[in-house]
Amino acid sequence: MKKVYLLSLLIAIILASCLLLLFPFNNLSSPDRAIRVKIDVTDDGIPYYFVKYHGTTVIDTSYLGFKFSSDTKAFSGFEITDRGYSLQRDEPWEMPWGEQRTVEDDYNGMKVVLRETEEPFRTIKLEFKAYNDGIGFRYILPEQEGLRDLIILDENTEFNLKEDNEVWWIPGDWDIYEHLYSHTKLSEIDALKFQVLSGLAQTYIPYNAVNTPVTMKTKDGYYLSFHEANLTDYPGMTLKVDTIKLKLTSELVGNSNDIKGFIKTPFKTPWRTIQIADKAGDLIKSKMILNLNEPAKFDVSWFKPTKYMGIWWDMHIGTKSWDYASGRHGATTEYAKKYIDFCAENGIGALLVEGWNTGWEHWFGDFDREGIFDFVTPYPDYDLKEVVAYGKSKGVEIIMHHETSAAPRTYAEQMDTAYALMNELGISTVKTGYVGKIIPKGEYHHGQWMVNQYRLALTKAAAANIAINAHEPIKDTGIRRTYPNAISREGMRGQEFNAWSPDGGNPPNHLPTVAFTRMLAGPFDFTPGIFNIKLKPYKPNNQINTTLAQQLALYVVIYSPVQMVPDLIENYEGQPAFQFIRDVGVDWDETRVLDGEVGEFVTIVRKERDTDNWFLGSITNEDQRRININCDFLNKGKKYTATIYSDAKDAHWDKNPTDYQIDTVEVYHRSDISLNLAPGGGCAISFFPSD
Ligand code: NOJ
Ligand code: CA
């Protein structure tokens, strides 16, 4: 008996040591245990963490801390006084609109309490959550003596890569995200070179830093993406690059007084997030950023995802103008009615009208833009009420436009009246714009003051049942979960750059990169669907740098609950490919990323809500490729008619961009489809149940 007991004890000891060897630290792990995080303090009391994935270090020892203006010493001398573990295995939550119906929110969490061992004995908490698709952590600053009203000079959160990872990045611009992505080694990041290259309406790049989401591939082939979740009453975070130590450190967006932010305790910072994946496509699937935001504060059933046209592209290619004085005014009653008719005929639910209100003669100036727009006074050739009523009679809603010209105080003063007018007219969506340098001078688009301005618009709009599609916005940090009226935004180089950018527009690798970077933050209003690829005869020096078939595929690849149909009516008329735009869904039950590599290609399928229809979009960079699709996503036992819109044999984004072919085949879940993607090309497929 004794022998058996000793033997069991021995086995238990051996097992325990094996476990210890296997899991040398078990502070926090993801539910599937693939991600492990250690959080501790150094001998000097500096908090740090590191992260392992499948046993490999992906984030090496990285210190955490702040510099407050009141500090007389460094952020050290802390001891851990408590660790509180939590575990969540909840029912999935439901998205009111989105790229899928339900979202799983399982994680293991830990709250670490840090206390200074010397005067003034401040207490700070760190909260970590480990999901199967990454980790998030934030600082919690409780209210206490010596930690009340704080001026933040710096947040020093490190992400120590230690390896020279491949990185897809845009510069850490404090004013705009509308840059092309660079693909370099971490050690080769040189964001400062964009200070001279940009030529944007607003730009400020003070450090060799990158904006988030920033995506990486490690030497072991893992994918990492760094971002933030729930950016509330705090500056946006850029990541300063140490090209020697191969480390990123948070560099908050400040103002011209060298102050980064003001906080009042109790306060929780935004979550700092690291998405971790085996496959690039898994980054797109991840819903961690949304999970780290609070549940919805209100019902948004009054918002219906939709396709929309615009009196818009005309202005970007120069055939019309926003202002009345030019003599080429686009927003006229007559022109709007023409577009409403076309929308109604083609099942497009809404029309955006830009340049409808007075003030556009002065919107582009230095710092004299305060008070030029009032958001309620139409130009004399635009009968707002008549246009709205005409639209209603045809089932087409007008989308309001508020270009603030980066004078947010003027906008804030007018919000109540502007939103009341929208309510009176029965308009539920507004596109906002913030072009130019922020007034007051010294503030930047991505700083705390502006983060609060964008939030003010969102909360006031929510109270009036109004949804916002913001251009020149603060980046998306998953806030659409809490404020589901934050339907879409720009915050990237959109299609408009192809119309006028002197650098030739967005190259073919732009969108295959954006899908794995900017798109991880949330929906974006890219405005796909230009058919007049060469912009003839209006823009001899500009063009769209994709094939026409790729323009179709973008309706599936890009996620946004409002998808524009931007080209001029005459460019859609008589085009068989337009049928795909008529058919494609905008609200989804399910999304699957079939395959993809950052900057190279991506193939996504989505199932439309409340139907059995599936849609596929596949896009490639400048390389031609053949892609094999296994239709196993389709419902078993159902037959589908697949209409395949693909690049013709000799199609090419530059030499032959508009040559496409349409094939129809019957398929079921066991079928395979082979796709030919031309250089800069794409393929779009609609699958409708045949019986
Ligand atoms: C910039 C926006 O991105 C664009 O879509 C809009 O037409 C102009 N601002 C004018 O508001
Ligand atoms: Ca823009």
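Student: How many salt bridges are counted between domain 1 and domain 2?
Tutor: The count there is two salt bridges. Keep in mind that this is a predicted model.

Student: Which residue does Arg-480 form a salt bridge with?
Tutor: Arg-480 pairs with Glu-99. Their closest N and O atoms are 3.0 Å apart.

Student: And polar contacts across that interface, how many residue pairs?
Tutor: The rule finds 25 residue pairs in polar contact between domain 1 and domain 2.

Student: Which elements supply at least two residues each on the domain 1 side?
Tutor: Strand 18 (223-229), strand 21 (261-264) and helix 4 (288-291).

Student: Back up a bit. Where do the domains run?
Tutor: Domain 1 covers 2-291 and domain 2 covers 294-491. Domain 3 comes in pieces: 511-519 + 529-562 + 571-691.

Student: How far apart are the C-alpha centres of domain 1 and domain 2?
Tutor: They lie 35 Å apart.

Student: What area is buried between the two?
Tutor: About 3000 Å². Carbon and sulfur atoms give 52% of that. In residue terms, 38 from domain 1 are in contact with 35 from domain 2.

Student: New topic: ligand 1. How many residues surround it, and which are closest?
Tutor: Ligand 1 is surrounded by 14 residues. The closest are Trp-312, Glu-354, Glu-403, Lys-431 and His-471.

Student: What distance separates an oxygen atom of ligand 1 from an N or O atom in the side chain of Glu-403?
Tutor: That distance is 2.6 Å. For the side chain of Lys-431, an N or O atom is 2.7 Å from a ligand 1 oxygen. With Glu-472, the value from a side-chain N or O atom to an oxygen of ligand 1 is 3.0 Å.

Student: Back to salt bridges. How many does the structure hold?
Tutor: It holds 37. One of them joins the side chains of Arg-272 and Glu-228, at 3.2 Å from N to O.

Student: What does the pair of Arg-272 and Glu-228 tie together?
Tutor: Arg-272 sits in strand 23 (residues 271-277) and Glu-228 in strand 18, so the pair links parts 44 residues apart in sequence.

Student: Why can side chains like that pair at all?
Tutor: Opposite charges can pair when the charged atoms come close.

Conventions. Residues are numbered from 1 along each chain as its sequence is written. Chains are lettered from A and ligands numbered from 1 in the order in which they are written. This is a predicted model: local features need pLDDT of at least 70, side-chain atom pairs count only at pLDDT 80 or more; totals for chains, interfaces and linings use all residues. Side-chain values use heavy atoms; hydrogens and water are left out. Domain bounds come from an automatic or database domain assignment. Contact means heavy atoms within 4.5 Å. Buried area is the accessible area (1.4 Å probe) that two parts lose on being put together, summed over both. A salt bridge is a side-chain nitrogen of Lys or Arg within 4 Å of a carboxyl oxygen of Asp or Glu. A polar contact is a pair of N or O atoms within 3.5 Å; within protein, one must be able to donate a hydrogen and the other to accept it, and residues adjacent in sequence count only if both atoms are side-chain atoms. Helices (H or I, at least four residues) and strands (E, at least two) are DSSP runs, numbered from the N terminus. A residue is near a molecule or strand if one of its heavy atoms lies within 4 Å of it.
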